[in-house]
Amino acid sequence: MTTELEGRDKWLWIYRTGLHGHCPRCGEGKMFRRWLKVADRCEVCGLDYEFATPDDGPAFFSLCFIAFPLLFLVVWFEVALNPPWWGHLIVSGPLMIVPCLLALQPIKGWLVASQYVNKAQEAGTGALWAELNARVKDSRTRGEAVGDSDG
């Protein structure tokens, strides 16, 4: 489905599947098996999520687009009302923490869907990733620990 997408349709597909936690290939399967744990593969189309490496992206975007704007409300709360410290604990703490935590999964889904649809990888690392993934799969089939080598 994603091979024929271009322009606005591509962006809408990434948005729809990613933010809702659906498979970026078929749009039906679940991307997450737990809150922030990406599934091993799609239960509908079998897409292997091994490519999914959003790393610290969800936390970064959550802080930049949610926590930073909310910080202005916390500062206003302090300047306008001058509450005691426990007032900030009751109001400001949840105001900053809850929205940031709620946004992590949709942002992570969006990043994973973007990686898949755009075939994203670091420049010049395709062969290296293929070799590393082959080693990991080979060691798993033999039952060895990953990273054990003689040199």
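Mentor: Start with one term: contact means heavy atoms within 4.5 Å. Leaving aside neighbours within four places in sequence, Val74 is in contact with His88, Ser92, Leu95 and Met96.

Trainee: What kind of model is this?

Mentor: This is a predicted model, where local features need pLDDT of at least 70, side-chain atom pairs count only at pLDDT 80 or more, and totals for chains, interfaces and linings use all residues. Residues are numbered from 1 along each chain as its sequence is written, and side-chain values use heavy atoms, with hydrogens and water left out.

Trainee: Why is Val74 called buried?

Mentor: Buried means under 20% relative accessible area, exposed over 50%, and partly exposed in between (1.4 Å probe, protein chains only). Val74 has 14%, so Val74 is buried. Val74 sits in helix α2. Helices are DSSP runs of H or I with at least four residues, numbered from the N terminus.

Trainee: How far apart are Val74 and His88 in sequence and in space?

Mentor: They are 14 residues apart in sequence and 8.0 Å apart in space, C-alpha to C-alpha.

Trainee: What makes α2 and α4 roughly antiparallel?

Mentor: Two packed helices are described by the angle between their axes and the distance between the axes. Axes are lines fitted to C-alpha atoms over the stretch in contact, and angles run from 0 to 180 degrees between N-to-C directions. The axes of α2 (residues 57-81) and α4 (residues 92-117) come within 8 Å and cross at roughly 155°. Under 35 degrees counts as roughly parallel, over 145 as roughly antiparallel, 65 to 115 as roughly perpendicular, and the rest as oblique. α2 and α4 are therefore roughly antiparallel.

Trainee: Which residues make the contact?

Mentor: Among them are Phe61, Ile66, Leu70 and Phe77 of α2, with Leu95, Ala103, Ile107 and Trp110 of α4. By class, the contact has 19 nonpolar, three polar and one charged residues. Nonpolar covers Ala, Val, Leu, Ile, Met, Phe, Trp, Tyr, Cys and Pro; charged covers Asp, Glu, Lys and Arg; the others, Gly among them, are polar.

Trainee: What makes the Phe68 and Phe72 pair edge-to-face?

Mentor: Rings of Phe, Tyr and Trp (its six-membered ring) pair if their centres lie within 6.5 Å; planes under 30 degrees apart are stacked, over 60 edge-to-face, and the rest tilted. The ring centres of Phe68 and Phe72 are 5.4 Å apart and their planes stand at 80°, so the pair is edge-to-face. Both lie in helix α2, four residues apart, about one turn of the helix. Phe72 is exposed, at 54%.

Trainee: Which residues form an aromatic cluster?

Mentor: Phe60, Phe61, Phe65 and Trp110 form one. Phe60 and Phe61 pair edge-to-face, at 5.4 Å centre to centre and 70° between the planes. Phe60 has 48% relative accessible area, so Phe60 is partly exposed. Phe61, at 22%, is partly exposed.

Trainee: How do you know that Asn82 is exposed?

Mentor: Asn82 has 57% relative accessibility, so Asn82 counts as exposed. Asn82 lies in the loop between α2 and α3 (85-90). Its phi is positive, about 45°, although Asn82 is not a glycine.

Notes: Helices (H or I, at least four residues) and strands (E, at least two) are DSSP runs, numbered from the N terminus.
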